[in-house]
Amino acid sequence: MWKLKNAEGGSSWLQTLNNHVGRQVWEFDLKAGTSEDHLDVEKARADFNDKRFIQHHSADFLMRLQFARENPLSPLPPQVKIESANDITEEAIQTTLMRAVRFYATIQAHDGHWPGDYGGPMFLMPGLVIVLYVTGALNAVLSEMHKKEICRYLYNHQNEDGGWGLHIEGHSTMFGTVLNYVTLRLLGQAPDGGQGTMEKGRAWILDHGGATAIPSWGKMWLSVLGVFDWIGNNPLPPEIWLLPYFFPIHPGRMWCHCRMVYLPMSYLYGRRFEDLYYPHPLIQDILWGTLHKVVEPALMHWPGSMLRERALQSVMKHVHYEDENTHYICIGPVNKVLNMLCCWVEDSNSEAFKRHLPRILDYLWVAEDGMKMQGYNGSQLWDTAFATQALISTDLLDDCGPMLKKAHMYIERSQKIVQVI
């Protein structure tokens, strides 16, 4: 049975400044849970699957089941029944608040934060699985139980038409469908697996123009996997990072998530190892055509190759800077796995790559709908800060006191007081 572990390390390659408070990692334990727990979990999974096209979000049943045993619910005052506006009294409000506060205490982790699901996007897990497959680390990082739960999640969030969307509530797209179909195949699912699910996914791809119709991010991932030639990608020259910062097109001027994704992408493109939303203007197509036909060939041969090598070294300097300052968690899940791949391409036995591996688990979350890759390693500080303000505003300090004490400890220990490099 899956068990949520909070504020624990577990690897000599992990770095921390606060003894891992807020870290939430799921671990499979054969001995965990009673037979009744196992039946309850299976029922929750079956219920979700039955309603998956109507209710897309999980209820974090596995976490709640675990916390119900670890943090027993205190006795509650009788539930208030409101039949008319005259029933809304100060006493009724206080009673309802007390019931809510006592329940909230049961889902607080021992280190003071409130864990929870931060999933939803459907394009995150494919990048992780592709990188682990390419680097040969798939079986070392993901156990058979991990793979089973990832497949459960992908099957649960496949749309009725056979495709997958950009997120769990999104309509089917070529981007989501190709990447999730490839992910299932890399995880060992047969072409006719999933009781017809794989065939439906493949049919959606073929009926909508084939995998080559995938947008640029998808083409990049397929090139990394080795099933699509790099020549089919829009140019991502790493040399652009060598431009003076005052240039309007310097990547450093981009939104942080944009530049931190295109940083490692440019390294991978340069080593040869977003248009999903917007149509291309003519000037953009002309620019890419020029880069592809004129600039790129020059940079691949001497003396242009010397500039390319200098650019690649500069890009990797930025990649390592990001990794070290975030303890290999990075700014988000996309650049996390891309940075990890860059470190492996640079040196497959590097310390940087080894430090990346244990941080993968920080991004994975398990619920009754399966295992997902989250949009970050959680929103712990954000949630705890808001929860603390809400609890203080109730004035129920006798009930909130222990919770607030733990929350204060977590917030204080989450503050970074060491100068970053």
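**View 1. Antiparallel pairing of strands β5 and β6 in the predicted model.** Strand β5, which covers residues 364-367, pairs with strand β6, residues 370-373, in the antiparallel sense over four bridges, where strands are DSSP runs (E, at least two residues) and helices are likewise DSSP runs (H or I, at least four residues), numbered from the N terminus, and where pairing requires that DSSP finds at least two bridges between the two strands. Within this pairing, A367 has G370 in β6 as its bridge partner, and the two strands form a hairpin with two residues between them. The model shown is predicted, so that local features need pLDDT of at least 70 and side-chain atom pairs count only at pLDDT 80 or more, while totals for chains, interfaces and linings use all residues. Residues are numbered from 1 along each chain as its sequence is written, and side-chain values use heavy atoms, with hydrogens and water left out.

View 2. A salt bridge is counted when a side-chain nitrogen of Lys or Arg lies within 4 Å of a carboxyl oxygen of Asp or Glu, and the structure holds 16 of them. D362 takes part in a salt bridge with R23, for which the closest N and O atoms are 2.7 Å apart, and also in one with R359, for which the corresponding separation is 2.8 Å. D362 is buried, with a relative accessible area of 3%, given that buried means under 20% relative accessible area, exposed over 50%, and partly exposed in between (1.4 Å probe, protein chains only). R23 counts as buried at 7% relative accessibility, and R359 is buried at 5%.

**View 3. The salt bridge between R271 and E309.** The side chains of R271 and E309 meet in a salt bridge with an N to O distance of 3.2 Å. R271 is partly exposed, its relative accessible area being 35%, and E309 is partly exposed at 30%.

**View 4. A salt-bridge network of E42, R45, E149 and R152**. Salt bridges that share partners join E42, R45, E149 and R152 into one network.

**View 5. A nonpolar surface patch formed by L73, L76 and F103**. Together these residues have about 240 Å² of accessible area, computed by the Shrake-Rupley method with a 1.4 Å probe, only the protein chains shown counting as cover for residues. Patches are made of residues with over 30% relative accessible area and no salt bridge, like charges being joined within 9 Å and nonpolar side chains (Val, Leu, Ile, Met, Phe, Trp, Tyr) within 5 Å. L73 is found in the loop between α2 (61-70) and α3 (90-106), and L73 is partly exposed, with a relative accessible area of 43%.
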